[in-house]
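Subject: Structure for you to look at

Hello,

I am passing on a structure that you have not worked with before. Please look it over, then read the notes below.

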Amino acid sequence: VRLGGFAAAGQALGLSAGAVAQQAARFEGWAGRALFRRHARGVTPMPEAVAVQRRLAGALHAIGSVLAGLGPAPVRIAALPAVAQLWLAPRLPALRSALGVNVSVTALERPPEAKRAPYDLAVFFAEAGGSVLEADALIPVCAPALATGLRSPADLAGVPILTDSVWSGDWRAWATVAMPGRPVPRGVAHSLYALAVDEAVAGAGVLMGHLALVRRHLAAGTLVAPVPPAVPSPRALRLFRLRPLGRGSAAGRVAAWLQTA
């Protein structure tokens, strides 16, 4: 209602327009009446929907104010699923131990809308904005056992290739620099990058690695990078502050810790 359409709401929430439309339809079914006019250009909220949204917004704000006085609220972080699983999760135990704060992580496919999102911080790959947590680069990675005989890009033609549907252009971006004029390696696509990493660790194939996400595996030796070069990515892993953080606030301390982790 506030943003004027399902597509805009989905972008703000990190959901598809269809998912928002489905929830709106379920709410209309519960209410027993239509709350949106559907037309070719989108949707228009009915007056009843506008009135309900305003009253609910006020009620939720009041509930939040009451609960804020009951104890420390967790620091809420939104992150890309792969970032949440491969970069944030390994750091959370040390973060909680060092700062003594509760941290809640929500995985979203897109950065949330800053002004209205129920999050304090966001960690996403981006070309600009926020604070750089870690630079990124692309390089093929695989299990040590699969690396035997891999020395140059041409050797990739004889091994299984892993990719991920979200970053489907990674192999092309790397190949343009590393092996110009040669066919772009293609192979099995996974819908989750973290799953593709697990497959690579298990020896299922060669994955195009994001150094910011696989650096720990490389340091531990569970993955190796036998085929150079590492091609710098224009996008870095960045930390975004979604609301003003007071001096000494829990969210401010978490942000400072993440920048040195």
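A helix here is a DSSP run of H or I with at least four residues, and helices are numbered from the N terminus. Ile 63 lies in one of these, helix H3. Please keep in mind that the model is predicted.

I began with the surface. Ile 63 has 47% relative accessibility; buried means under 20% and exposed over 50%, so Ile 63 counts as partly exposed. Ile 63 belongs to a nonpolar patch on the surface, together with Phe 27, Trp 30, Val 52, Leu 56 and Leu 60. Together these residues have about 650 Å² of accessible area. Two helices, H2 (17-31) and H3 (47-68), each supply at least two residues of the patch. The most comes from H3, which gives four residues.

Next is helix H1, which spans residues 6-13. Which of its residues are buried? They are Phe 6, Ala 9, Gly 10 and Ala 12. Looking down the axis of H1, these buried residues fall within an arc of 160°, so they line one face of the helix. The face turned away from that buried side carries Ala 7 and Gln 11, both exposed.

What covers the buried residues of H1? The cover includes helix H2, strand S1 (36-39) and strand S2 (42-45). H2 also supplies residues to the nonpolar patch. After H1 comes Gly 14, with a positive phi near 75°.

Regards

How values were computed. Residues are numbered from 1 along each chain as its sequence is written. This is a predicted model: local features need pLDDT of at least 70, side-chain atom pairs count only at pLDDT 80 or more; totals for chains, interfaces and linings use all residues. Side-chain values use heavy atoms; hydrogens and water are left out. Patches are made of residues with over 30% relative accessible area and no salt bridge: like charges are joined within 9 Å, nonpolar side chains (Val, Leu, Ile, Met, Phe, Trp, Tyr) within 5 Å. Accessible areas come from the Shrake-Rupley method with a 1.4 Å probe; for residues, only the protein chains shown count as cover. A salt bridge is a side-chain nitrogen of Lys or Arg within 4 Å of a carboxyl oxygen of Asp or Glu. Buried means under 20% relative accessible area, exposed over 50%, partly exposed in between (1.4 Å probe, protein chains only). The arc is that of the directions from the helix axis to the C-beta atoms. Contact means heavy atoms within 4.5 Å.
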